[in-house]
Amino acid sequence: MTKGKIEVIEKDSVVVKFAGDCGDGMQLSGTLFSDTSAMSGNDLSTFPDYPAEIRAPHNTVAGVSGYQVHIGKEIHTIGDKCDVLVAMNPASLKANLHVVKMGGTIIVDVDTFVPKAFEKAGCNVNPLEDASLSSYNVIKAPISSAAKQIALDNGLELRDADRSKNMYALGMVAFIFDRDLTLLSNQIAAKFKKNVKISDVNIAVLKAGYIYAESIEAVESRFHIPTAKLEKGRYRNISGNIATAWGLLAASERSGRPLFLGSYPITPATDILVELAKHKSLNARVMQCEDEIAGICSSIGASYAGSMAVTSTSGPGLSLKSEAIGLAVMTELPVVIVDVQRGGPSTGLPTKSEQADLLQVLYGRNGACPCIVVAATSPSDCFESAYMAAKLSMEHMTPTILMTDGYIGQGSELFRIPKVADMPSITPPIAEKNDPNYKPYRRDDKTLARKWAIPGTQGLEHRVGGLEKSDVFGAVSTDPNNHEKMVYFRNEKVQRVADYLPNQEVIGDESGDLLVVSWGGTKGQTYVAVKELQKQGKKVSLAHFKYIMPLPKNTADIFAKFKKIVVCELNDGQFADYLRIVYPKFVYHKYNKIKGIPFTTVELVNAFNQYLKEE
Amino acid sequence: MSYNIIERSDVPLTKEDFASDQMVKWCPGCGSHAILASLENVFPKIGYKRENFCVISGIGCASRFPYYVNTFGFHGIHGRATPIATGVRVSNRHLSVWVTAGDGDLMAIGGNHFIHTIRRNVDLNILLFNNQIYGLTKGQYSPTTPFGQITKTSPYGTIEKPFAVGKLVLAAQGSFFARALDNNPKLMVDVMFEAAKHDGTSVIEILQNCVIFNDGAHKEIADRTTAADKQLILKHGEPMIFGKDRNKGIRLGAKGLEVVTIGENNITEKDLLVHDMTQEDSGIHNMLVDMKLPHYPMAFGVIRSVPSPTYDELLEDQIKSAQKNSPIKCVDDLLNSGDTWEI
């Protein structure tokens, strides 16, 4: 091929992964690429993939940081495999080669493929020189040296000259995918607005990368990606953790209850704390506490005092909060507990994702101690799920656990911006001043919620606590009959939340050969796999659950209409076990993955086909 | 500040207004009865509306307290009274928040929360009932039990050095520390009133007698017949004089505090230390907190009360400033901030 005759391929979607050493700026390249794509009208999904260490040893596989972007017409997952991989050093090539499609394009920074570096990555010979890359289209670009020269020419000091190489790689990718350079340059200028010199250098390097890709003959094809057919509206790109924080802020505003967050930093939930700490102008009172227990206990105190109280954590932190969740259940106060799940048990896989906290969330407390449980289904859905978790908690006066995970918490996708006024109203049962009928444990007939009697309100002085209380009056009580009654009340109160939930949706026909059941953060993958099989004419449908405790009321009716049910989850079968307890009359097959990474569409399609074949 | 922003009652309240309808279930002779009476006495004196008081506890004998006071009350879980109280106060600065807890609750399981609450200087009043024993679980040693004491869990004597509450408070940069005795209600009411007026975390260590499991733990200090010689009741701005003949005093010597006798060796009142509870440097306060029998009297009253910005006030200031200066006034503004585009 010669210059100017590069073939343009039309593709519904492509997957690009930027990988390099921690500190090479791969997250930034990835974000700029995805934001620009979104602004150009593509649907997208992104996921950062970084090590637990802040700066693992230079040039090692352990130190590889990546950012995967899936863009296209209709996107639900981050994509199984990459069309294009950018590998800024031998280690990042080694760590990511297995996720590149056969025949895919690999852009390498050839300057980094020196003996010291490929040996450190664990390769005996230079991988660019043996046959290991023969099935790929490899573009060897002098990324470091070219970027450095431009930086020096633009007057940067030698020590800073190395830092723009990520922009060179981004420029090359921008050419391959026909991204708008002006849009990208504007993004860079906004990002570095505090340092015009750095901004200018980065833009110059970006353009140089673009021109380089255009001028060499190594680029065999450019891709044209059709824009998404999305509902009209205003859009933005959003990660699950930010969406969670914003959904909580929206619930606070709509309910008129000021937001209080007591939290302790923990991967991968910290972003929620960081984000909410920014929004003091929205009256968000955010405390970074001394530990997880203080996080939830300060939230319980805040809830008692009338705030919309939240604590955010991940699995290990949730374990520490267990006793206090019991206190919130007993005192019947609203608290939202956000669990951004990661691989467990113990410290486990802090930066990887899993759905293995479900049984802890449902049952991991002393005594009969039910909570409402909501599981967000995608990065953008975290907004609505957080909003609903807060609404249910406040209106039903009991703690709600919102489950997300590292994958959707840190991943991002397009988000159609709602208006807060269009969100459902939130009306907590707040007790009126001097209400002559007020009793601490008098319940609403329908919801069984007690009233929220806020300190400072005249005539409502009362005492609550972790000791069992007498029905209606709320005095300390060890009466056997009263205890049994109160246990049933607390449980029934949570069960009755089902009266206020939407019916469970079925994607596909309402009956068929196979019902795929999934929950929480795996929706993108199960949805794409089921759609794929439906296209092939298979009688497969999907029931993806967001409301976990209680389950939607029509759940059993749905299950009854399918020949086979397979429950897919990123654990060893906890939701299937739960369904066996709630609806024991059905047979549940299990499809599980416990590798800290999401399902791929291919593996799900294969697995479902297998279930369809077996009698 | 608190003292000025919390709404006061239009009508004078009495002790009876603060007594709840619950039967008080502490052992007869327990020091908690006197502490409860003192609190019920000081609340009307402070003068806030009844609904603006909030009493919060953890677990232990002392933690039954909220049930007996007719205000808003919250009986929490073991060790967690201070974070719960922090959440209440940070949510609503128009409440007067009181924590009642024992030495096990605040020094052992809640030790971490205790020091962090103090360093943040959240505006709370903490009453630490120090009976040097676990009462509710029937007689195990606590972090304040004296070295060597035989208890159910230390049948050969404890081999742990006890915490000195006051030293811990000062080390955590506490802005208020007072000490009182369960058999001196007037002193308790006085220091509780001072605590209420102080902005920040006020810790009052109350030496309390557990009649069942550690009877007489503080007897040597508390015994009324010898108290004048064993107790130095500090008063801000006054020389440190004690003794039944009011002729003993505390002087700052080359190696620390010294007990001297007025009239001996040419010592006059002028040679004595004058108590300054507002002194920011905690050196003297530390020495006062550390005074022990038999060489010294034990110090009581308000030992330290230093003005210091409170967490809740600083947070409020930040919120007000952000509300004034941030372009984001509502969640719709936030949702539409940054990069967005129309489709």
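Visitor: What joins strand 2 (residues 13–21) of chain A to strand 5 of chain A?

Guide: The two strands run parallel and are joined by 4 bridges; two strands pair if DSSP finds at least two bridges between them, so strand 2 and strand 5 of chain A count as paired. Strands here are DSSP runs of E with at least two residues, helices are runs of H or I with at least four, and both are numbered from the N terminus. Within this pairing, Val84(A) in strand 5 is the bridge partner of Val16(A). The model is a predicted one, in which local features need pLDDT of at least 70 and side-chain atom pairs count only at pLDDT 80 or more, while totals for chains, interfaces and linings use all residues. Residues are numbered from 1 along each chain as its sequence is written, and chains are lettered from A and ligands numbered from 1 in the order in which they are written.

Visitor: With which strand of chain A does strand 5 pair over 5 bridges?

Guide: That partner is strand 6 (residues 100–109) of chain A, paired with strand 5 in the parallel sense, and Val86(A) stands opposite Ile107(A) of strand 6.

Visitor: Why is Ala324(A) called buried?

Guide: Ala324(A) has 29 other C-beta atoms within 10 Å, and the term asks for 20 or more, so Ala324(A) is buried. Ala324(A) belongs to helix 11 (residues 315–331) of chain A. Beyond its neighbours within four places in sequence, Ala324(A) is in contact with residues including Ile293(A), Ile77(B) and Arg80(B), contact being C-beta atoms, placed from the backbone, within 7 Å.

Visitor: How many residues does each chain give to the contact between chain B and chain A?

Guide: Chain B gives 50 residues and chain A gives 57. On the side of chain B that touches chain A, helix 4 of chain B supplies the largest share, 8 residues. Strand 2 of chain B also runs parallel to strand 17 (residues 463–465) of chain A, with 3 bridges joining them, and Val464(A) stands opposite Phe74(B) in that strand of chain B.

Visitor: How do you know that the span of helix 15 (residues 480–495) of chain A is close to the one expected?

Guide: Helix 15 has 16 residues and reaches 23 Å from its first C-alpha to its last, close to the 22 Å expected at 1.5 Å a residue; the expected span is 1.5 Å times one less than the number of residues.

Definitions and conventions:
A residue is buried if 20 or more other C-beta atoms lie within 10 Å of its own, exposed if 12 or fewer, and partly exposed in between; C-beta atoms are placed from the backbone. Two residues are in contact if their C-beta atoms, placed from the backbone, lie within 7 Å.
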